[in-house]
Amino acid sequence: MLSLLSIGLAFFVIAVSPGPATVSNATVAMRLGRKTSLIYGAGLSTGLVFWGVIAASGLGVVLQSSVYLLMALKVFAGLYLIWLAFLSAKSAIHPDNNMGQVEIGTRSLMSWFIKGVFLNVSNPKTVIAWMAALSVGLGANDSTAFLVLGVFVCVLVGFFTNALYSIVFSLNGVMNGYKKASRWIDASVSGLFALAGIGLIRSAFIKQV
């Protein structure tokens, strides 16, 4: 039980820390409200499950040792983050035409879920976070059943963390604050995405030197 708590706590610290997923989830919550953000967060959490399976099955080690595959994934993910930076910058320049002004329908909600899945699946660094969290509580003699249980705990923590972001950043006070400073917030988010994307692409090629 203590080992599972250690794994869950380690994964919570990783999941709650600012990054492309959490920043984007917070922004969606402030712009579009709780319902859309919860669906987007569910997509992010589903994307986490994908990398959890990769890490638990041992393919994470293979991915880390496959230099060119990892490089391609990092470049792809970096380009996607730069695209998100462009969208945020566009929203900062034209705040009256941002996502918050668009009517949200069922199809749009499903698209937000898919975007959440895509963002986390396209980030190969997530598998490193999984292996780091699992290594906190797992030992060499632990069974496969315990490994699966550890992954399940991390999955629950992932869904909880994303839901927490959705709830906190969709509070009326937070949303009203966003409306007053949307231009500056979107510009800051754009900068964070751009830095993360460029850093990810840069790290892909540094590995080759």
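Start with Ser-57, which sits in the loop between H3 and helix H4 (59-65); helices here are DSSP runs of H or I with at least four residues, strands are E runs of at least two, and both are numbered from the N terminus. Ser-57 has 48% relative accessibility, so it counts as partly exposed (buried is under 20% relative accessible area, exposed over 50%, partly exposed in between, with a 1.4 Å probe and protein chains only).

A quick word on ground rules. This is a predicted model, where local features need pLDDT of at least 70 and side-chain atom pairs count only at pLDDT 80 or more, while totals for chains, interfaces and linings use all residues. Residues are numbered from 1 along each chain as its sequence is written, and side-chain values use heavy atoms, with hydrogens and water left out.

Zoom out and switch to cartoon: you'll see ten helices and zero strands. Of the 209 residues, 42% count as buried.

Next, select Phe-11, Trp-130, Leu-134 and Cys-154. They have the most contacts inside the largest nonpolar core, a set of 19 residues (a core joins buried Ala, Val, Leu, Ile, Met, Phe, Trp, Tyr and Cys through side-chain atoms within 4.5 Å). H1, helix H3 (34-56), H7 and H8 each supply at least two of the core residues, and H8 gives the largest share, six. Stay on Phe-11 and show its neighbours: leaving out residues up to four places away in sequence, it touches Leu-48, Trp-130, Ala-133, Cys-154, Val-157 and Gly-158 (contact means heavy atoms within 4.5 Å). Then pick Val-23, Val-28, Tyr-80 and Ala-85, which belong to a second, separate core of 15 residues.

Hop to Thr-22 in helix H2. Is Thr-22 buried or exposed? It counts as buried because its relative accessibility is 4%. Beyond residues up to four places away in sequence, Thr-22 touches Ala-15, Val-16, Ser-17 and Tyr-165.

Last stop: select Pro-20, Ala-21, Asn-120, Asn-123 and Thr-126. Of the 24 residues lining the largest pocket, these lie nearest its centre (a pocket is an open set of points on a 1 Å grid where a 1.4 Å probe fits, with protein on both sides within 12 Å along at least five of seven lines; lining residues have an atom within 4 Å of a point). The space in this pocket is about 520 Å³, a volume filled by probe spheres set on the points.
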